Amino acid sequence: MTMAVFFSYVIFWLIALLYVSGFFGMMEHHHLVKKLMAMNLMQTAVILFFLVLGQKIGGVTPIAVPGLTDPDAYVNPLPQALMLTAIVVNLSTTGIALAFLIVIKKHWNTLDESEIMRRMDK
Amino acid sequence: MKSTTNSIILEVACRLLIPVLIVFGVYVLVHGEYSPGGGFQAGVVLALAVVLNRVMEPADTKKGYWTFKIIALAGMGPIIYLLTGLWSIPFGGNFLEYGHLPLAVHEAERHLYGILFVEIGVTVGVMATIISIFDSLGKVGDPDDHGSLL
Amino acid sequence: MIFVILLSLLLLIILVTGLIAVFIPHIFGSVVLFNAFSFFVVLAYLLLSAPDVAFTEAVIGVISTAYYVIAVRELRKGDRE
């Protein structure tokens, strides 16, 4: 196994670790704002994974360079276009989730999830 | 009414940054075909200028913002998009077929102007939506709220 | 080769910043660290030769920090009194 192949495995493991840490944060925390941040971590890990999939070593940025007509020289632009949409959705998810958190705070007067669940069971 | 600013540094930095942000937003909008950028990014940069103005303003300003007008502006964006699409239909094209736009330029340039109009619609919609989300998160349309935003 | 090592290091920084941002107890510091995390992610996107995604993420990081700040201020309003 050459060094470059080893480090590309390292990249995938680090992205997986980022995803899993976001998932762990979502399960572990009781504070709802921290849960939302952990969810943003997971989304970032997914976006990074897609971008790494479209990457090739030595590839050129997928903006037309004059004189360079070989399509193999460019990085695959399809995952980038997809992930642009994902980032936009990320922002609107954050906005709506924060609005929901304000409504929850107003109604239950707390943001602790276990406390809210305990009161809901009564 | 005496208006106390948050801090003189914040106020001066804000006064310097906001025109730069607006110019950069318009640049990103009109240059989006050749370089990174486009309608969404330009809308967010333009919204950042307004959001920065709202965050940095003096503590005891009465926050009677134009929330209703912002939501009307958010509806104007899709209308600009729709009118651009419908514009080519009376001239023999399909919906959003830019080659049939009645502009006295070459056909490839007509595509450019059509995309520019669509991007303007996207920019207006995104800008107004982001400002209205910010307003409703901070309840800044509330006239009883006299607190500083930070 | 240098690209792969640089990307691994940057991902390590991203992982550490994200973990600190999620797991420190203070909520406002968490918001600020989340902004730092977002800008390290911008660097990673630039290294992956996706400038369009990087520009969008930079702008989105700033505006989502503004959302978090304003919402955290609103959420802490009842706690003080």
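Residues are numbered from 1 along each chain as its sequence is written, and chains are lettered from A in the order in which they are written. In this predicted model, local features need pLDDT of at least 70 and side-chain atom pairs count only at pLDDT 80 or more, while totals for chains, interfaces and linings use all residues; side-chain values use heavy atoms, with hydrogens and water left out.

Q: How many helices and strands does chain B have, and how are they counted?
A: Helices are DSSP runs of H or I with at least four residues, and strands are runs of E with at least two. By that count, chain B has four helices and zero strands. From the N terminus on, the order is α-α-α-α.

Q: What share of chain B counts as buried, and what makes a residue buried?
A: Buried means under 20% relative accessible area, exposed means over 50%, and partly exposed lies in between (1.4 Å probe, protein chains only). Of the 150 residues of chain B, 39% count as buried. The accessible surface of chain B is about 8100 Å², with 72% of it from carbon and sulfur atoms. Such areas come from the Shrake-Rupley method with a 1.4 Å probe.

Q: Why is Asp135(B) called buried?
A: The relative accessibility of Asp135(B) is 2%, so the residue counts as buried. Arg54(B) has a relative accessible area of 4%, so Arg54(B) is buried too.

Q: What makes Asp135(B) and Arg54(B) a salt bridge?
A: A salt bridge needs a side-chain nitrogen of Lys or Arg within 4 Å of a carboxyl oxygen of Asp or Glu. The side chains of Asp135(B) and Arg54(B) meet at 2.5 Å, N to O.

Q: What makes Glu115(A), Arg118(A) and Arg119(A) a network?
A: Salt bridges link these residues. Arg118(A) meets Glu115(A) at 3.1 Å, N to O. Arg119(A) meets Glu115(A) at 3.2 Å, N to O. Over all chains, the structure holds six salt bridges.

Q: Where do Arg118(A) and Arg119(A) sit relative to Glu115(A)?
A: Arg118(A) and Glu115(A) both lie in helix α4 of chain A, three residues apart, about one turn of the helix. Arg119(A) and Glu115(A) are four residues apart in that helix, so about one helical turn separates them.

Q: Why is Glu115(A) called partly exposed?
A: Its relative accessible area is 23%, so Glu115(A) is partly exposed. Arg118(A), at 46%, counts as partly exposed. Arg119(A), at 32%, also counts as partly exposed.

Q: How do you know how many residues of chain B touch chain A?
A: Contact means heavy atoms within 4.5 Å. By that rule, eight residues of chain B are in contact with nine residues of chain A.

Q: What does the area buried between chain B and chain A come to?
A: Buried area is the accessible area (1.4 Å probe) that two parts lose on being put together, summed over both. For chain B and chain A this is about 600 Å², with 82% of it on carbon and sulfur atoms. On the chain B side, α2 (39-55) and α4 (107-138) each supply at least two of the touching residues. The largest share, three residues, comes from α4(B).

Q: How many salt bridges are there between chain B and chain A?
A: The count is zero.

Q: What stands out about the phi of Asn109(A)?
A: Most residues other than glycine have a negative phi. Asn109(A) is not a glycine, yet its phi is positive, about 60°. Asn109(A) lies in the loop between α3 (78-108) and α4 (113-121) of chain A. Its relative accessibility is 54%, so Asn109(A) counts as exposed.

Q: Where is Leu96(B) found, and is it buried or partly exposed?
A: Leu96(B) is found in the loop between α3 (67-87) and α4 of chain B. Its relative accessible area is 24%, so Leu96(B) is partly exposed. Leu96(B) has a positive phi of about 65° although it is not a glycine.
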